[in-house]
Structure formats: C-alpha cells, structure tokens
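Subject: Structure handover

Hello,

Here is the structure for your files. My notes follow below it.

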Amino acid sequence: MWRAGLPGGLRAVFEGSPLSSGGSPRLLEGKVALVTAGTDGIGLGVAEALGVAGAQVFLSSRRAHNVQRAVETLRGRGLQVSGVTCHVGRAEDREKMVQAALDTFGAIDILVSNAAVNPHFGPILEADESTWDKVFRVNVTAAAMLVRLVVPHMEKRGGGAIVLMSSIAGYQPMRGLGPYGVSKAALLGLVGALSPELRRSRVRVNGVAPGLVRSRFSAALWEDEAVREQALKELGADRLGAPAEVAQAVLFLVSPLASFVAGQTLVVAGGAWSRL
Ligand code: NAP
C-alpha cells in the first residue's frame, strides 16, 4: 500500500480516505439503498447514480407502471434494482416498502427520502387546512416516519446514511409556493434535529436542497420562457439544473466520501441565494 511508505504525519492525512485506499471506485459496493419517488426526475437520477456506484437499489413511487418502467430501465443499464409501489403518506405503504426492500436485498444501509407534493399554487392565505395537512403529511411527517422505520435496520449493519430531499424554497420563499416552501424549511430543521440523535446509531443524516431542476414536478416554473426567466432571476441562478446534477450530490452525501458530514443540507442550485 503506497501510504505505508509515508512518514507518520503525512500518513495520517490520508487515513480513512476511500479515494486513496486503492480500493474500488464503486463507492457503494455491498450497500442497499432505498429511494422513494425513485421513478422519475431527481429520484430516478439518484437511483441510477447509486446503482452505478455499486449499490443494490430498491425504489418506489405510487404508480405500478412507473415503478416497472424505472426498474426495467435501470436493469437495462446492468444495475441491481428492484421496486414496489408506495405512497409515502400512507403508513401501511411505508411499512410494506421497507419489508419488501429487506425481503429483496436483505438489508437497508441508505435511505433517500425524496417524495413531495405541492397541491397548492397561490397565496398562503388561500391554502386551507387540508392543504397544509397534506403537504406536511407527505413532505415532512412521512420523512420522519421513514427514518424511524429504517434506523433499526441500519443499526444491525453498524450504521447507515440518510438524505432528506429539501428545496431552495426552504431557504428563500418562492411566490405561490408558500406551504410547500415551509414544509421544505421544516426538513432543514428535521435534518439538524435528527443528526445528533442518530449519532449513537452511526447513522449520518443530511439534506439536499435543489434549485430549479428540469422535471415534471417543476414544469410550471420552466416550460414557459418568461416564467422560467423570472423564476431564475428571483432565485439568483442562471440556468435550470438537471436531475443528474442533484443525484451526484446525493451520492456524495451517502458515500464514504462524506464520512465527516452530518446534520447539513447541501444546496445544489447553481449559485441561487440560500441563506436563512
Ligand atoms: P418529478 O420528476 O415530477 O418526480 C416525482 C416523483 O415522485 C415521481 O416518481 C412520482 O411517481 C413520485 N411521487 C409523487 N408523489 C408521491 C408520493 N406521495 N409517494 C411516493 N412517490 C410519489 O419530481 P422531482 O422534481 O424530481 O422532485 C423530487 C423531489 O425533489 C421532491 O421532493 C421535490 O420537492 C424536490 N425538488 C424538486 C425541484 C425541482 O425543481 N424539480 C426543486 C427542489 C426540490 P408516482 O406518480 O408514480 O408516484
């Protein structure tokens, strides 16, 4: 091993580095990853990136045909992928999904909680109680409940890594997206609050906050050129991001490259303003 020849002080610099260990560049070899909303957009990009890095990936979303399409697409790329339907807002779906992942791959090392809804576009005062309930149930409560379900299985493996998908809208309010933005800000808090609690379980929890990314979910903000330019100007970004650009950030956070990163939310937003 090349490090053995180094003087002690220098050797310590490289201690624990997966990139300098001479090992496989497949950073997630032997790991099992669970990705919610993994059948399209950012989630599908994440499933691909983790699979390419060597993980066995168990993905889910609400619709069976989407799950089937995503699984077939990724298997066609030679990746080890399976999946099941799961509406993350339903407790029984979440439990079935976690059990199905365990039955299929025997473990869970990584969770990427990526599902979200935005049923309301307009002023906050026009959002009724059922809208707030739905946004918080799917975007926030479901993430916390999923963490609760998977951590005992990560403990059995000696630890794990979790990423909660937030949004730039959690940092700066976006016009018309009030309840959604508030729910994404809550995820910043959830990451921060969970992190010290999960330290004993050797589970690192972090967040990713994408800016405007080209996907079906955000189409109302980019399909029309004038709307797109206005949204980018308000955010302070020059262009839309691609799902794969967010996926690379998730890969970093769940990999050993981020072994000393916990309780943080990484903004992946092309330079958009992101200070609370
Ligand atoms: P997308 O391409 O439209 O994909 C949405 C995915 O979510 C689909 O796989 C959909 O599949 C699934 N889904 C929707 N509701 C679900 C539910 N209740 N339970 C489980 N799965 C559900 O969306 P995206 O833009 O990639 O968004 C993914 C995440 O990134 C979200 O958390 C979003 O808030 C965040 N984000 C996106 C942007 C952006 O500009 N695109 C920016 C910041 C943050 P089914 O229809 O089969 O359920």
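Y171 is buried, with a relative accessible area of 14%. Here buried means under 20% relative accessible area, exposed means over 50%, and partly exposed is in between (1.4 Å probe, protein chains only). Y171 sits in the loop between β5 (160-165) and α6. Helices (H or I, at least four residues) and strands (E, at least two) are DSSP runs, numbered from the N terminus.

Before the rest, the ground rules. This is a predicted model: local features need pLDDT of at least 70, side-chain atom pairs count only at pLDDT 80 or more, and totals for chains, interfaces and linings use all residues. Residues are numbered from 1 along each chain as its sequence is written, and side-chain values use heavy atoms, with hydrogens and water left out.

P173 is exposed, at 77% relative accessible area. Between P173 and L44 there are 26 Å, C-alpha to C-alpha, and the two are 129 residues apart in sequence.

S166 has its place in that loop between β5 and α6 as well. Is S166 buried or exposed? S166 is buried, because its relative accessible area is 3%.

**The ligand**

Which residues come nearest to the ligand? They are T39, S61, R63, Y180 and S215, out of 29 residues around the ligand. A residue is near a molecule or strand if one of its heavy atoms lies within 4 Å of it. By type, the shell divides into 13 nonpolar, eleven polar and five charged residues.

Now the polar side of the ligand. A polar side-chain atom of S215 lies 2.5 Å from a ligand oxygen atom. For V213, a backbone N or O atom lies 2.8 Å from an oxygen atom of the ligand. A polar backbone atom of D40 is 3.4 Å from a ligand oxygen. The protein buries 94% of the 890 Å² that the ligand exposes when taken alone. Accessible areas come from the Shrake-Rupley method with a 1.4 Å probe; for residues, only the protein chains shown count as cover.

The ligand takes up the space of the largest pocket. Two elements give two or more residues to the shell around the ligand: α2 (41-52) and α6 (178-198). A pocket, on a 1 Å grid over the protein atoms alone, is an open set of points where a 1.4 Å probe fits, with protein on both sides within 12 Å along at least five of seven lines. A molecule sits in a pocket if more than half of its atoms lie within 2 Å of the pocket's grid points.

**Start of α5**

T131 lies in helix α5 (residues 129-156). T131 counts as buried, because its relative accessibility is 14%. S130 is found in helix α5 too. S130 is partly exposed, at 48%.

Both have a side-chain partner in D128. The side chains of T131 and D128 are joined by a polar contact of 2.8 Å. For S130 and D128, the side-chain polar contact is 3.0 Å. A polar contact is a pair of N or O atoms within 3.5 Å; within protein, one must be able to donate a hydrogen and the other to accept it, and residues adjacent in sequence count only if both atoms are side-chain atoms.

**Positive phi**

A37 is not a glycine, yet its phi is positive, near 50°. A37 lies in the loop between β1 (32-35) and α2. A37 counts as partly exposed, at 24% relative accessibility.

R202 is not a glycine either, and has a positive phi of about 60°. R202 has its place in the loop between α6 and β6 (203-210). R202 is exposed, because its relative accessible area is 62%.

Best wishes

Note on methods. On a 1 Å grid over the protein atoms alone, a cavity is a set of points where a 1.4 Å probe fits but cannot get out, and a pocket is an open set with protein on both sides within 12 Å along at least five of seven lines; lining residues have an atom within 4 Å of a point. Ala, Val, Leu, Ile, Met, Phe, Trp, Tyr, Cys and Pro count as nonpolar, Asp, Glu, Lys and Arg as charged, and the others, Gly among them, as polar.
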